Amino acid sequence: MQVLLHPSDQPVFSLAVRSAQCMVEVRLRDVPVFCDVTGSALSVHLPVNEWLFQGANEIQVLVSPLEDGAGFGRDARLEVVLQHKFARDVVRNLVAIGTLSWRPDPPLPPGHEAHGDLHEDSATREAEEDDDDAPLLALPGQAEELTWRIGSPHKLRNQSVRITSTLMLPPPWPVCPWGRGQMLPDDQRTHFALHGLLRAFHERLKQGGHEDFIKVRRAALESAYYLQSAAEADDALGFTHLLGQKDWSLQPLPAGGLKLELASQGRLARLLDEATAESPLVLVNEKEGLAAVVDAWWMFNGEWILVR
């Protein structure tokens, strides 16, 4: 066994989400990190180190029927796998810490009467078998294994199902930076401030000089994924290398219809285009029929800071 002695020995975590015939939202520390409303069969891989911090990391999954208030079809399904690989071992395969699996209960047979409390839909956790050759996931004197604790499914009144789980992380994982941020009011003042920031950020993306806006975000990515160069950070950001490509263009901001969304118990905020329920910062490649959405979450701690 190898004992982890340095922050860069810590694992890089990701969530593998597979679903079909249902709408899915995944929130980490009360921040939406993935959402699908199409209900089509999908499989996505989400690096999440940038959203994980010291202490209790709540991973919450909301599964909803395709029609509001209706029930789930028998083919609805969801699987979320929490995975890790070690930063210094780039050839190591992903290892699963656990799996959250959910399917709706089958309908009762004709003539059958149900008694007692409503039975919750099924969700299971499959633990990974011990591997004697795997490094420990903690420093000396701490617990040797990380445990992903998955709660029971909770049915909501609109037929949706919420499943809450927790991953505890010890030092040297950093303390959540927006945990010290100010609680933002859900009012016109916050909306007005973010609208001004959004317009300034959009103008910088169009004209250049956006580095001041994203410096905190870039530093967070470099720290979370142990990136060694500016090129690696640009690749992790995703959109920066598209800005200079001739086939990609930044779309104008919508004239109106922007709504405020708060997350992380009110410590993070963003504006969404009401027409698309997405960020209004969009890069488009009409030649290839592609689009890239720049998600922008802000916190306030004496000044406004772009954190995503």
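This is a predicted model: local features need pLDDT of at least 70, side-chain atom pairs count only at pLDDT 80 or more; totals for chains, interfaces and linings use all residues.
The largest nonpolar core comprises 72 residues, among which Phe13, Val26 and Phe201 touch the most other members. When residues up to four places away in sequence are left aside, Val26 touches Leu15, Val17, Val31, Pro32, Val33, Phe34, Ile59, Gln60 and Val61. In soluble globular proteins, nonpolar side chains tend to be buried together.

Helix H1, spanning residues 188–207, packs against helix H2, residues 211–225, at an angle of about 100 degrees and with the two axes 10 Å apart, which means that H1 is roughly perpendicular to H2. To this contact H1 contributes Leu197, Ala200, Phe201 and Arg204, while H2 contributes Asp212, Phe213 and Ile214; of these residues, 5 are nonpolar, 2 are charged and none is polar.

The structure contains 11 salt bridges. In one of them, the side chains of Arg18 and Glu79 meet at 2.3 Å, N to O, and because Arg18 lies in strand S1 (residues 11–20) and Glu79 in strand S6 (residues 77–86), the pair ties together parts that are 61 residues apart in sequence. Arg18 is partly exposed at 36% relative accessibility, as is Glu79 at 25%.

A further salt bridge joins the side chains of Glu50 and Arg217 (2.6 Å, N to O), linking the loop between strands S4 (42–47) and S5 (55–64), where Glu50 is found, to helix H2, which holds Arg217, 167 residues apart. Both Glu50 and Arg217 are buried, and these two residues belong to a network of salt bridges that also includes Glu261, Arg270, Asp295 and Arg308.

Notes
Residues are numbered from 1 along each chain as its sequence is written. Side-chain values use heavy atoms; hydrogens and water are left out. A nonpolar core is a set of buried Ala, Val, Leu, Ile, Met, Phe, Trp, Tyr and Cys residues joined through side-chain atoms within 4.5 Å. Buried means under 20% relative accessible area, exposed over 50%, partly exposed in between (1.4 Å probe, protein chains only). Contact means heavy atoms within 4.5 Å. Axes are lines fitted to C-alpha atoms, for helices over the stretch in contact, and angles run from 0 to 180 degrees between N-to-C directions. Helices (H or I, at least four residues) and strands (E, at least two) are DSSP runs, numbered from the N terminus. Angles under 35 degrees count as roughly parallel, over 145 as roughly antiparallel, 65 to 115 as roughly perpendicular and the rest as oblique. Ala, Val, Leu, Ile, Met, Phe, Trp, Tyr, Cys and Pro count as nonpolar, Asp, Glu, Lys and Arg as charged, and the others, Gly among them, as polar. A salt bridge is a side-chain nitrogen of Lys or Arg within 4 Å of a carboxyl oxygen of Asp or Glu.
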